[in-house]
Amino acid sequence: MELKRIKRKTLLLGDGAVGKTSLIRKFVTDKFDDSYITTIGTKITKKELSFKEQNTELTLMMWDILGQKGYTSIQSSSYRGAEGAIMVCDLTRAETLRSLEEYWMPELAKVVGDVPIVFVGNKVDLIEQRQVSEDEMAAFAKGHGAPFYMSSARTGERVEDLFKKLGELVLATRMDVSVEGG
């Protein structure tokens, strides 16, 4: 059986400073940097994942989207063609979870409709400052019929798992279609 090579455009969405860029960096280069630099516009990073069961090499094109609210025209133009999303909140700032529901999900749905989503509660290592519990994350994700992960870009906890899960979900929804470009 011939190896299938598939590209999928995916998004990382959430408020500024929740750790989207750090999660991608940890996943792709296994590095973490404490300094915060605002993503201006969109940054695209890619990484290949191997799914042996499906005999598939998946190239995840990860679009790291500006996390400031109010830039809807810039953001929505970046959403076009996306086939999955990772929605990130900062466990030390409860408002970032509400923001997923009130801003990021509706804005994404307007452009791409229903796509697979993985919810991520990032900064699980900052136990003392935590404002969002694992139970709250579980209830939130269950309410949207999506998986969730408690992760840390700093320690790497569950980072690989959450990107692989998104890969599985986007493959499962559109195994038969291949996307070129990116």
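Guide: Buried means under 20% relative accessible area, exposed means over 50%, and partly exposed lies in between, with a 1.4 Å probe and protein chains only. This is a predicted model, so local features need pLDDT of at least 70 and side-chain atom pairs count only at pLDDT 80 or more, while totals for chains, interfaces and linings use all residues. Residues are numbered from 1 along each chain as its sequence is written, and side-chain values use heavy atoms, with hydrogens and water left out.

Visitor: Fine. How many salt bridges are there?

Guide: The count is 10 salt bridges, each being a side-chain nitrogen of Lys or Arg within 4 Å of a carboxyl oxygen of Asp or Glu.

Visitor: Is Asp-90 buried or exposed?

Guide: Asp-90 is buried, at a relative accessible area of 1%. Asp-90 forms a salt bridge with Arg-93, with the closest N and O atoms 3.2 Å apart. Arg-93 is partly exposed, at 23%.

Visitor: Which residues are linked in a network with that pair?

Guide: Glu-95 and Lys-123 are linked with Asp-90 and Arg-93 in a network of salt bridges.

Visitor: What does Lys-26 form a salt bridge with?

Guide: Asp-30, and the closest N and O atoms are 3.7 Å apart. Lys-26 is buried at 14% relative accessible area, whereas Asp-30 is exposed at 56%.

Visitor: And where do Lys-164 and Glu-160 lie?

Guide: Both are in helix H5 (residues 159-173), four residues apart, about one turn of the helix. Lys-164 is partly exposed at 35%, and Glu-160 is partly exposed at 36%. Helices (H or I, at least four residues) and strands (E, at least two) are DSSP runs, numbered from the N terminus.

Visitor: Changing topic: why is strand S1 largely enclosed?

Guide: Strand S1 covers residues 4-13, and seven of its 10 residues are buried, so the rest of the structure largely encloses S1.

Visitor: In which sense do S1 and S3 pair?

Guide: Parallel, over nine bridges, with S3 spanning residues 56-65. Two strands pair if DSSP finds at least two bridges between them. Ile-6 has Leu-58 as its bridge partner in S3.

Visitor: How many bridges join S1 to S4?

Guide: Three bridges, and S1 runs parallel to S4 (residues 85-90). Leu-11 stands opposite Ala-85 in S4.
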